Amino acid sequence: MDVNKISAEDNVPIQNQQPQKKKCHGNRKDQRFRKKLRTRGINPEKIEKKLARRKQIEQKKNSTMSNVKEKNNSATRVPTSTSTRNQPATTTTMLTTTSFNKRKRDISLQEVNTNETLAKSSTSITIVKRLSKKPKQHDNKKLIDLCTLVINNDSMITKYRRPLFLTQPSSKLFRILKKRLNYSLRKPNRKEFIYKRLNLFDQQYYLEIEQRLWQSYLDIGLKEQMWPEILYKMAKTSNDTNVCHDFLVNYLENIKNQINKCQLQLNEQSHSCPITRLTIDQIDHCLKEYVHTERSYLTMRNNDELIQFKSHIREKDLLKTITSYQIKMDLNEYLNRLISIREQQGGIWKDCFMLQMRILFKFLPQNFDHLEKFIGSIHYLSLDNTQNGIEIKNKRYKLIQEAKRTWLNTFFNVYEYKLQKCEQQYQNEMKQLETQLSDINITKDGESVLNKIKEYISTRTNRIKQEIDDQMSSARGLLLQKRHQSSSAKHMIGVSPEPYLDLIENPFNRLQWNQLSLGPSYIRLNQSGIRRKKEQLKQAEKEHKGIYKKVESNLIQYPGIPREASVFKQYSTNLLNHVHECYLTPLSYKDFLEAQQQSQIARSIRSLIKEKNLIIRLTDKGHNFYIGSASEFEKKAQKFFSDTNAFMELSENPFNEITNKVIQFLNRLHGKKIIQKWHYEQMMPDPKKCELAHLYFNPKTHKENIPVRPIENTIHAPTTNISKFLDKYLQPIFNDKCKDTNIIDGAFLIEGLHKYIRKGLFKSTTLFCTFDIRNLYTMLPQDEALDILIEFLQFHGYTKVKGIDLEIIRQLAAIVLKENVFVYDKKIYKQTTGGAMGSTFTLTLANIFMWKWQKEFVRQQDITNEFYGRYIDDVFITWNRSENELQKLLDRANTWHPNIKLDYKIGKRLPFLDILLTNNNGILLTTVYHKPAAEPYVTPFLSDHPRHVFQNIIQNALTKAIRYSSTYEAFQNEQRLIRLKLLYNE
């Protein structure tokens with residue numbers, strides 16, 4: 001089955017279904033009205049009501065106009081006279097029968113309006129004026145009509161088309177040119193002058209590029225006695241090189257004449273320049289520079305065409321050389337077989353690339369859409385509970401989406417298999433040829449015949465690839481056109497990551513939804529480029545100040561350069577100029593349009609969220625957005641508060657009290673010289689920047705009823721600096737002392753299991769067990785955790801940490817834990833159990849608390865030489881005894897501490913972190929694990945990130961695949977998933 005065929009098959013109904021009758025869409029005016037309201041997110045019932053109201057108004061208007069027409073019948077019956085008797089009888093008839101609702105002007109009315117012999121009444125004058133009113137013409141169309149087209153497309157091989165900046169609304173163009181010229185273009189005569197001149201410069205540039213290309217063809221053709229295939233078609237000859245030469249000479253002369261004509265018009269126009277503040281040379285330099293920037297792709301296109309032409313010449317030279325060898329074997333037969341295999345591979349490449357393009361354009365083949373009709377819609381289900389309806393809808397959506405992704409994976413797997421099979425055939429044929437030529441030592445110009453054959457095949461293969469690329473370019477436009485025309489494609493479930501919609505209906509239009517689907521890490525394009533100049537300068541000054549301050553402090557501190565050195569002033573000036581250039585350089589027309597459109601969409605999304613009382617959050621472990629009702633989400637948050645019972649609402653704001661307490665405590669320690677000056681400076685908060693922490697929740701969309709995970713933003717909290725200080729010096733101690741049981745990442749776990757295998761402990765009956773601690777951060781007992789912190793340090797021989805006594809360390813940690821106050825929903829809460837999830841020190845304290853809890857577990861595992869490893873609140877162990885004994889041990893562990901509860905899994909195939917481990921009859925198999933809840937999301941390539949970010953995404957994914965895959969087959973599968981993930985994210 002060809003999944004990539006672009007034809008009418010994209011709209012063929014499924015077999016075994018009755019053919020659908022052709023739908024009657026009714027009045028097109030009504031359809032446009034409905035479509036306009038649907039884009040605003042209005043539901044169908046309201047649309048029909050508005051449409052009915054609109055028709056009532058139109059009917060009233062039509063009835064009023066019909067009355068006016070009846071009155072005009074009598075008004076336009078002119079008395080017979082010598083001046084009017086000879087007028088055509090159709091004149092008055094056409095006036096009285098003309099439809100007043102038509103937009104197009106009626107020629108007969110214009111004739112009547114200009115007829116001086118027709119008697120006019122007051123009513124007829126009013127009516128004629130209304131009918132002769134012209135629809136408002138777009139300014140850009142007026143300007144285009146004023147511009148002359150110098151290029152004669154009838155004589156051009158490549159047809160000239162006006163670029164985007166000359167066909168789209170001119171207001172945006174003049175806004176860009178205003179920045180480039182630094183001159184106001186408000187007056188119509190200035191706009192007209194600039195637009196005409198820009199149009200001429202564009203045509204001139206296009207002609208010059210064409211002249212260079214065909215002059216290069218002429219030079220190469222005269223030297224090689226070969227011409228491009230397009231020239232043979234244009235000259236209407238198959239092999240006559242003289243005809244091609246003569247035609248090309250005439251064609252170049254024609255281009256030269258048109259360039260001179262452009263220059264002549266430019267010279268004539270320069271005499272009527274309405275701009276006085278700028279010279280004509282300054283204007284021309286700016287406009288030429290703009291045209292060169294916008295049309296630079298023409299030079300790249302010509303360079304590619306010249307490379308292809310030279311490669312084609314080289315290919316024919318190689319074939320001529322190969323056929324000149326005197327060999328007692330049929331080289332042509334071998335060459336034909338090798339090229340035939342490459343062409344077969346080319347067909348497979350083409351199908352594969354076409355499917356990739358369909359994924360990028362979100363227009364999958366129709367057989368993928370059959371699944372949605374097989375798994376029917378749920379609109380017919382009578383669900384009393386709206387939340388149940390949403391849950392079922394999302395499950396259906398996820399099921400269909402994952403099925404389509406699985407199909408795509410299968411299709412690409414088949415393509416890879418076919419390509420490998422063809423490659424194997426090619427290698428076998430090449431080996432046979434090498435064997436045949438091994439006894440023949442024929443060389444020419446110092447190269448053997450085999451090397452010439454390989455070079456010829458390589459050149460021919462590159463041509464096949466280039467032909468496929470050209471076919472893909474033409475198919476791209478056809479595919480986009482088919483997608484635009486398809487009414488079903490816009491409503492089909494796609495394979496790209498999208499927000500999790502916790503609503504019955506989607507309130508966003510297509511543009512808004514597409515922007516939200518780009519995900520949380522997407523950065524809008526050129527946000528500073530569409531701001532006003534004052535805002536750009538302000539932002540540039542801010543960035544210059546921040547960069548200069550960091551560089552200056554580092555150069556003063558480390559190399560010891562004095563602050564008064566002239567190099568600082570010179571660096572500051574150069575840096576400011578560079579920052580200004582980055583911010584003030586005008587965008588290209590296309591980039592400007594995209595940036596402005598994305599900005600408008602973002603504003604409309606914010607307005608809609610506010611209007612509909614919605615909430616947008618980042619999903620927990622899903623990497624995509626969650627969109628739901630703010631009131632329903634608040635219920636989930638309140639449920640979390642009641643279930644954990646770890647937060648207490650306060651009636652007063654204790655911010656000033658906490659800030660003063662922290663400052664006074666540090667001042668007292670520093671005054672008594674209990675802590676040193678550098679301790680004091682690192683921990684002291686800045687009262688001007690301090691603020692209460694605030695709490696927000698991320699929804700766990702992969703769990704039933706979508707519970708929430710609390711995240712506390714403590715960046716500017718009064719205790720944040722103390723938290724960072726403690727984490728900075730306590731975390732390395734923990735990592736060093738607990739490195740035997742601490743898992744860093746998946747690669748560390750694989751290395752530990754390989755050591756376990758080398759000891760001969762890994763058997764076919766070995767079980768894996770993973771378990772995690774429920775709500776470790778929020779259920780951490782505060783006083784007990786502080787006691788265990790001191791116990792941990794004393795156990796490992798510490799009496800001081802960085803010169804600070806352990807008792808002071810405990811007091812500092814107590815401030816971080818117990819003075820944790822935050823804002824949520826305009827209410828103030830204090831956390832009474834656990835630590836802030838978002839505070840750096842909480843993670844280290846949780847690890848140290850687990851060090852105490854896991855002692856018994858580690859002792860039991862050490863007795864039997866089993867593996868034990870922990871990553872924060874996730875634990876992985878091996879087990880060589882019965883499963884019942886392991887379950888009993890885990891059940892006992894659940895009773896060791898009232899706040900620590902385990903959720904465990906046991907088996908021979910289990911995931912841990914981002915790795916999937918399998919015991920295959922005593923052989924350890926590993927591969928990359930993708931959590932079912934995680935969407936295949938990466939930062940989209942359209943995002944305004946630095947380009948190295950995208951290189952790192954691919955490099956990191958491939959590195960992980962290599963390190964985690966225990967077999968080549970597993971690596972190939974992961975490589976295919978990486979390719980699909982990149983395609984899903986544009």
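**Salt bridges and burial**

Q: What makes the contact between E333 and R337 a salt bridge?
A: In this predicted model, the side chains of E333 and R337 meet at 2.9 Å, N to O. The cut-off is within 4 Å, for a Lys or Arg nitrogen and an Asp or Glu carboxyl oxygen. So the pair counts as a salt bridge.

Q: Why are E333 and R337 separated by about one helical turn?
A: Both sit in helix α14 (residues 331-360), and they are four residues apart.

Q: Why does E333 count as partly exposed?
A: Its relative accessibility is 43%. Buried means under 20%, exposed means over 50%, and partly exposed is in between. So E333 is partly exposed.

Q: How do you know that R337 belongs in the partly exposed class?
A: R337 has 27% relative accessibility. That value lies between the limits of 20% and 50%, so R337 is partly exposed.

Q: What makes R405 and E402 a salt bridge?
A: Their side chains meet at 2.9 Å, N to O. That is within 4 Å, so the label applies. R405 and E402 both lie in helix α16 (residues 386-437), three residues apart, about one turn of the helix.

Q: Why is R405 called buried?
A: R405 has 8% relative accessibility. Buried means under 20%, so R405 is buried.

Q: Why is E402 called partly exposed?
A: E402 has 31% relative accessibility. This lies between 20% and 50%, so E402 counts as partly exposed.

Q: How do you know that K737 and D736 form a salt bridge?
A: The N to O value for their side chains is 3.7 Å. That is within 4 Å, so the pair qualifies.

Q: Why do K737 and D736 count as partly exposed?
A: K737 has a relative accessible area of 35%. D736 has 41% relative accessibility. Each value lies between 20% and 50%, so both residues are partly exposed.

Q: How many salt bridges does this rule give?
A: The count comes to 38.

Q: Which residues are linked in a network of salt bridges?
A: The network links E315, E343, R460, R463 and E467.

Q: Why is D787 partly exposed?
A: D787 has 43% relative accessibility. That is between 20% and 50%, so D787 is partly exposed. D787 is found in helix α27 (residues 782-795). The C-alpha atoms of D787 and R810 are separated by 8.1 Å, and the two residues are 23 residues apart along the chain.

Definitions and conventions
Residues numbered from 1 in each chain as written. Predicted model: local features only at pLDDT ≥ 70, side-chain atom pairs only at ≥ 80, totals over all residues. Heavy atoms only, no water. Helix = DSSP H or I, 4+ residues; strand = E, 2+ residues; numbered from the N terminus. Buried < 20%, exposed > 50% of the residue type's maximum accessible area, 1.4 Å probe, protein only.
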